[in-house]
Amino acid sequence: MTIVSSAQPWWQAATIYQIYPRSFADSGGDGIGDLNGIADRIDYLVDLGIDAIWISPIYPSPMADFGYDVADYTGIDPRFGTLADFDALLAKAHAAGIRVLLDFVPNHSSDQHPWFVESRSSRDNPKRDWYIWRDAAPDGGPPNNWISDFGGPAWTLDPATGQYYSRAFLPEQPDLNWRNPDVQAAMLAAMRFWFDRGVDGFRIDVQWHMVKHADFPDNPPNPDFREGMGDMHRVLQLHSTDQPEVHAIGTAMRRQADDYGAVLVGEIYLPIPKLMTYYGTRQAPGVHLPFNFQLIEATWDAAELAARIVEYEAALPEGGWPNWVLGNHDRPRIATRVGSAQARVAAMLLLTLRGTPTLYQGDELGLTDAQVPQDKVQDPRELREPGLGLGRDPVRTPLPWDATGGFTTGDPWLPIDSAHLPLNVAAQARDPASMLNFYRRLLALRRAASALATGAIGDVRAEGDILTYRRDDYRIVLNLSDRPAGITVEPGQVVLSTHEDAGDPQHLRPAEGLILKVD
């Protein structure tokens, strides 16, 4: 398998870094990270070597779901700062050569958004149809069997008007009705508001959820459901997600983004064949980068990873550009999933595969999932379905900037795990062998060697515990086990190792990865 690359726009050679703003850096001492805190750390991002930041939601919000319940799509929540603060951050980032992406949340708003306040005020309000309202079932219960991703029915009864509204997540997050052209126009206008301010793109939250089946039939039961899984898995989301009409909306967003030279990244948890449809077609293009979560979902096994890489690359439509992700604000950290030693191998994998990589803040420090005391839990998903391992707080705790924490002068909104303190930025910056400096070397090499960013990929294969592939004139060799392993590859010079010395590409040490320059 060989995929040949052609000329690319800026985002194809870029590395994106996700910032969870509540936990990045607090400039005000209230324990919540903010825009000025991000601006104060631009030099850190420059030294790391990333090209763009994606900032999780910063819009005005009651914070029922920590910003993913938006009350105003064209403002800044006072907890994070002001529009002037955002403009200053944008200007500082751009001056440093860093692009800025925002998180767009189109599936649902807050129940305190003025649109929903109007919508629920009466059945004949002009904005009633901006949200999804249905009569009760004959027994007075929810209109169908759809289940919220956070557990329980995906419907909430509004006693005042006697109808249920759809909500894929919390009751405080009513679903917008994207079949209404006025909703489409209003949301596209919100995107333009930020494009006009200079934003370089958006990550689109739960894009595959945006349109529901017009007739609202029951979802089929999931034959693979077992107790201990999240309640949402009791049914297959056949009718409540991934409807054909969602693609025309993606096309409208894409055409608008293209007018600004911006990029759209869609959050889509679907199998590869369905994921590929979100690229759209040449005549009706979709988002530039439908998020590829293969590395999050895969077993850490060389044969499986090789098969996933080959399958994904082969499935890409003509002109479709790949992307890869190790973690995000919703899923367990890579160092927890594979261990600290293999986290270095994973970093080398992420940053040498063909396509646009996205890093999640803290992974460059080797942070593991934090231990959050039960009385400090904030995540509504964990509070609604406790004990199933679905909580997201462990990956959202503040970054440790120094040995005392350094995140805030106040009490942090989530506690910093004491196990994270020795991994702080200041200490790792002084240690040449640290994970942070390894990431810096990886990113510097990726920038210096265009083959590792936009070159072809080929000869993807597994030999025992070793995963290997070519990137033009580079060979990547990764030992995914805690045992020594051998492989025969073409001769070359080791240009980067997960270990301190160069090593021997024919005889890899446990959890060793090498990048070779070959003929």
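This is a predicted model: local features need pLDDT of at least 70, side-chain atom pairs count only at pLDDT 80 or more; totals for chains, interfaces and linings use all residues.
Local features were considered at pLDDT of at least 70 and side-chain atom pairs only at pLDDT 80 or more, whereas totals for chains, interfaces and linings use all residues. Residues are numbered from 1 along each chain as its sequence is written, and side-chain values use heavy atoms, with hydrogens and water left out.

Helices (H or I, at least four residues) and strands (E, at least two) are DSSP runs numbered from the N terminus. Two strands are taken to pair if DSSP finds at least two bridges between them. Strand E14 (residues 466–471) pairs with E15 in the antiparallel sense over six bridges, and Tyr 469 has Ile 476 of E15 as its bridge partner. Two residues separate E14 and E15 in a hairpin, and Asp 472 in the turn has a positive phi of about 50°. E15 also pairs with strand E19 (residues 513–518), in the antiparallel sense and over five bridges; here Leu 478 has Gly 513 as its bridge partner.

An open sheet of three strands shows the order E5-E7-E6 with antiparallel pairing. Strands E5 (133–134) and E6 (155–158) stand at the edges with a single partner strand each, so one side of each has no neighbour in the sheet. Four antiparallel bridges join E6 to strand E7 (residues 163–166), and Thr 156 stands opposite Tyr 165 of E7.

The structure holds 28 aromatic pairs, defined as rings of Phe, Tyr and Trp (its six-membered ring) with centres within 6.5 Å; planes under 30 degrees apart count as stacked, over 60 as edge-to-face and the rest as tilted. Tyr 44 and Trp 401 form an edge-to-face pair, at 5.0 Å centre to centre and 80° between the planes. Tyr 44 belongs to helix H2 (residues 42–48) and Trp 401 to the loop between helix H12 (380–384) and helix H13 (425–430), so this pair ties together parts that are 357 residues apart in sequence. Both Tyr 44 and Trp 401 are buried. The rings of Phe 116 and Tyr 165 are likewise edge-to-face, because their centres are 5.0 Å apart and their planes stand at 70°. This pair links helix H4 (residues 114–119), which holds Phe 116, to strand E7, which holds Tyr 165, across 49 residues. Phe 116 has 0% relative accessibility and therefore counts as buried; Tyr 165, at 3%, also counts as buried.

Asp 200 lies in the loop between helix H5 (181–197) and strand E8 (201–204). Asp 200 is buried yet has no salt bridge, and Arg 99, the nearest side chain of opposite charge, is 4.0 Å away (Lys and Arg count as positive and Asp and Glu as negative, with His and the chain ends not counted; a salt bridge is a side-chain nitrogen of Lys or Arg within 4 Å of a carboxyl oxygen of Asp or Glu). A polar atom of the Asp 200 side chain lies 2.8 Å from the backbone nitrogen of Val 100.

Nine of the 11 residues of helix H11 (residues 340–350) are buried, so this helix is largely enclosed by the rest of the structure.

Notes: Buried means under 20% relative accessible area, exposed over 50%, partly exposed in between (1.4 Å probe, protein chains only). A polar contact is a pair of N or O atoms within 3.5 Å; within protein, one must be able to donate a hydrogen and the other to accept it, and residues adjacent in sequence count only if both atoms are side-chain atoms.
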